[in-house]
Amino acid sequence: MKKLFACALAAVMMLAAGCGSSSSTSTPSAASPAAPAASQAAGSEAAGGAAFATVTPGKFTIGMECAYAPFNWTQLEKTDMAVDIGSASYADGYDVVMGKHIAEQLGLELVVKPIAWEGLEPAVNNGEIDAIIAGMTATPERRENVDFTDPYYESKMVVIVRKDSDLTNITSIQDLSGRKVQGQLNTLYDTVIDQIEGVDHVTPLATYPLMVVALQSGEVDALTAELPVAAGVVAGNSDLTYIEFAEGSGFEADTSVSIAVKKGNTALLDAIQGALASVSEEDRQQWMIDATGRQPAQE
């Protein structure tokens, strides 16, 4: 997440599998798009010609934690990239950039709603938001409740440890046997911990900022995380580092993330998928590098 890590992060990310097209797009602007009149109301036309509706006419409302940097975070400073979420706060991050691009492609204005992780699926199914763009993996269990696009980003699993720990030179997740390892509540980053034989699986916490405090205080020995999240945590906390594992020595986990919509909302799903197809793999990786570099240090 900061300048020191951007080059290394870029090299790793370019190996990630994606679903973008070969065309290149620029980073979406913060201003509301100049949308065609026909698209500024419920019943807009998707790329394939099917009409779709949004919860608020003329707007594309998405939900995210706003606490999962570099995918999404909350800040007090108004910037060109950030979106106003009320209470003198703003949301920014990779998911916000992706949301802006999709909104522009659909001819709609982006609205971001901060919602706790466990409330995201109910929110999209209850009509509070149009979509979840929150670094969410399309697991079989979640597919029973919501519909997902193809992945919009893919990374790898790592662990975060203290620099003064004897774990800085481990090469396999099994080297964490007997150690206290923690993941995020209600995510695969918690469930994968059980792949470590003999691990002390610590009760998960709701957000990474809370988890970082637990690691720094010595309550836990390691945190599971996706590479971009880990790189950002380390960039903002000089006492921490992260460990990557070679294939066959790391976690078995799907680290791709997708966008979710209400179950059965095929028209909107297809429209979002069409917007995603316009983003090249190069842009997807660059947007993540940029997000990692500008996230607040305390994250």
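Visitor: How many bridges pair E3 with strand E7, and in which sense?
Guide: In this predicted model, local features need pLDDT of at least 70, side-chain atom pairs count only at pLDDT 80 or more, and totals for chains, interfaces and linings use all residues. Residues are numbered from 1 along each chain as its sequence is written, and side-chain values use heavy atoms, with hydrogens and water left out. Strands are DSSP runs (E, at least two residues), numbered from the N terminus, and two of them pair if DSSP finds at least two bridges between them. E3 and E7 (residues 109-114) pair in the parallel sense over six bridges.

Visitor: Which residue of E8 stands opposite Gly63?
Guide: E3 also pairs with strand E8 (residues 131-136), in the parallel sense over two bridges. Gly63 stands opposite Lys113 in E7. In E8, the residue opposite Gly63 is Ile132.

Visitor: How many residues of strand E3 are buried?
Guide: Buried means under 20% relative accessible area, exposed over 50%, and partly exposed in between (1.4 Å probe, protein chains only). Strand E3 covers residues 59-64 and is mostly covered; of its six residues, the buried ones number five.

Visitor: Why is one side of E4 and of E5 left without a neighbour in the sheet?
Guide: Three strands form an open antiparallel sheet in the order E4-E6-E5. One side of E4 (73-75) and of E5 (83-86) is left without a neighbour because each stands at an edge, with a single partner strand.

Methods:
Helices (H or I, at least four residues) and strands (E, at least two) are DSSP runs, numbered from the N terminus.
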